[in-house]
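Dear colleague,

Please find below the sequence and the structure that I promised to pass on to you. My notes on what was found follow directly after, arranged by topic so that you can read them with the model open.

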Amino acid sequence: MYYLIRQTLEETDFEHLKSGGQYVAVLTSAQWAKQKDSFEMGIDIEPQTSEIHSTKAEVNYDSLTGTFSIPDRTDYEIQRRFAFALDEKGIVFIDDGGTAQKIINDIRMSKKWRLPSLERFLYDFLEQIISDDRDILESYDVELNAIEDDIEREDDNVDNVERANEIRGDLRALRVHYEQLLDFTQELEENENNFFKHDNLRYFRLFVNRIERFRDTAKAVSDHALQIRDIYKAHLDIKQNRIMTVLTVVTTIFMPLTLIVGWYGMNFRHMPELESDWGYPVIIILSALILIGSLFYFKKKKWL
């Protein structure tokens, strides 16, 4: 697909592409192999999707080339990969997966420019990549707050901690992606080949500022997820301490009772209490007094 950068992206054909001003083109790898010489960028790249692992830009003598590796926001292990080449006349996306075309379709439906330019298109293209990220980061923060509230209510469901760890993994992938976008946009802002108008470099600066805020937010939410793991461990320790306290109190209470049982279980022949009519009830009363007195003492010391 070929587009001219007007007030919006106007679809055109290849014959009118080079004579109509700045343009955007989306080609498959096979189409690029056939038409690359027609774009007169003086480059020879043969992008393979499997070999794309990051978002980056490289400055050439009379062109700028690079790749995009965009994590899918529903499954961060899935990467949407495509390449590009640009000069002052326009940009060509080399994409076999349809990701670049989808972003361009979204731009066509939602954007109309008062001052159209290649720089403004690139800004909106990059913005479209992160368009849902603010909501994603906020939803993660809300979910982590809910998990933290569950832990505070002593709902120590291990699934909550596993979910917090999953969120940390997602945020780690986003932070790497933001770092790559930051380097990518700063390379554009350098404008080493003077492909971009100086006044329009502000678009790249705007995007750099925004991606830095997203990166910082992702780091803050990731730290929140890490704190939740620490809070969960602290609550487990508190619960274990409570259990150990109860066990210790129970053991302490029954130690004198065990002594009495052991003492009168020796079965010596000359034990006067064995012959007494009051021996059995006295031992029962003594055991009850020891039990009640121990409980009262532990309660007073706030060990229970």
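**Two asparagines in a loop**

Asn 194 counts as exposed, since its relative accessibility is 60%. Please keep in mind throughout that this is a predicted model. Asn 194 lies in the loop between H6 and H7, and its phi is positive, at about 55 degrees, although the residue is not a glycine. As background, most residues other than glycine have a negative phi. The loop between helix H6 (158–190) and H7 also holds Asn 191, for which phi is near 50 degrees, again a positive value in a residue other than glycine. Is Asn 191 buried or exposed? With a relative accessible area of 12%, Asn 191 is buried, whereas Asn 194 is exposed.

**Helices H3 and H4**

In general, two packed helices are described by the angle between their axes and the distance between the axes. For helix H3 (residues 99–110) and helix H4 (residues 118–129), the axes come within 10 Å and cross at roughly 110 degrees, which means that H3 is roughly perpendicular to H4. The crossing in which H3 passes H4 is right-handed. On the H3 side the contact is made by Ala 100, Ile 103, Ile 104, Asp 106, Ile 107 and Ser 110, and on the H4 side by Phe 121, Asp 124, Phe 125, Gln 128 and Ile 129. Sorted by class, this contact of H3 with H4 has 7 nonpolar, 2 polar and 2 charged residues.

Helix H4 also contains Leu 126, which is buried, with a relative accessible area of 2%. Leaving out residues up to four places away in sequence, Leu 126 touches Phe 68, Leu 181, Phe 184, Thr 185, Leu 188 and Phe 207. Between Leu 126 and Asn 193 there are 67 residues in sequence and 20 Å in space, taken from C-alpha to C-alpha.

Which residues does Phe 93 contact, leaving aside its neighbours within four places in sequence? They are Val 24, Ala 25, Val 26, Leu 27, Phe 68, Phe 82, Ala 83, Phe 84, Ala 100, Ile 104, Phe 121 and Phe 125.

Glu 51 and Leu 86 are separated by 35 residues in sequence and are 20 Å apart in space, C-alpha to C-alpha.

Ile 284 belongs to helix H9 (residues 279–300) and is partly exposed, with a relative accessible area of 45%. From Ile 284 to Ser 54 the separation is 230 residues in sequence and 79 Å in space, again C-alpha to C-alpha.

With kind regards

How values were computed. Residues numbered from 1 in each chain as written. Predicted model: local features only at pLDDT ≥ 70, side-chain atom pairs only at ≥ 80, totals over all residues. Heavy atoms only, no water. Axes fitted to C-alpha atoms, helices over the stretch in contact; angles between N-to-C directions. Helix = DSSP H or I, 4+ residues; strand = E, 2+ residues; numbered from the N terminus. Parallel < 35°, antiparallel > 145°, perpendicular 65-115°, else oblique. Left-handed = near helix turned anticlockwise from the far one by under 90°. Contact = heavy atoms within 4.5 Å. Nonpolar A, V, L, I, M, F, W, Y, C, P; charged D, E, K, R; others polar. Buried < 20%, exposed > 50% of the residue type's maximum accessible area, 1.4 Å probe, protein only.
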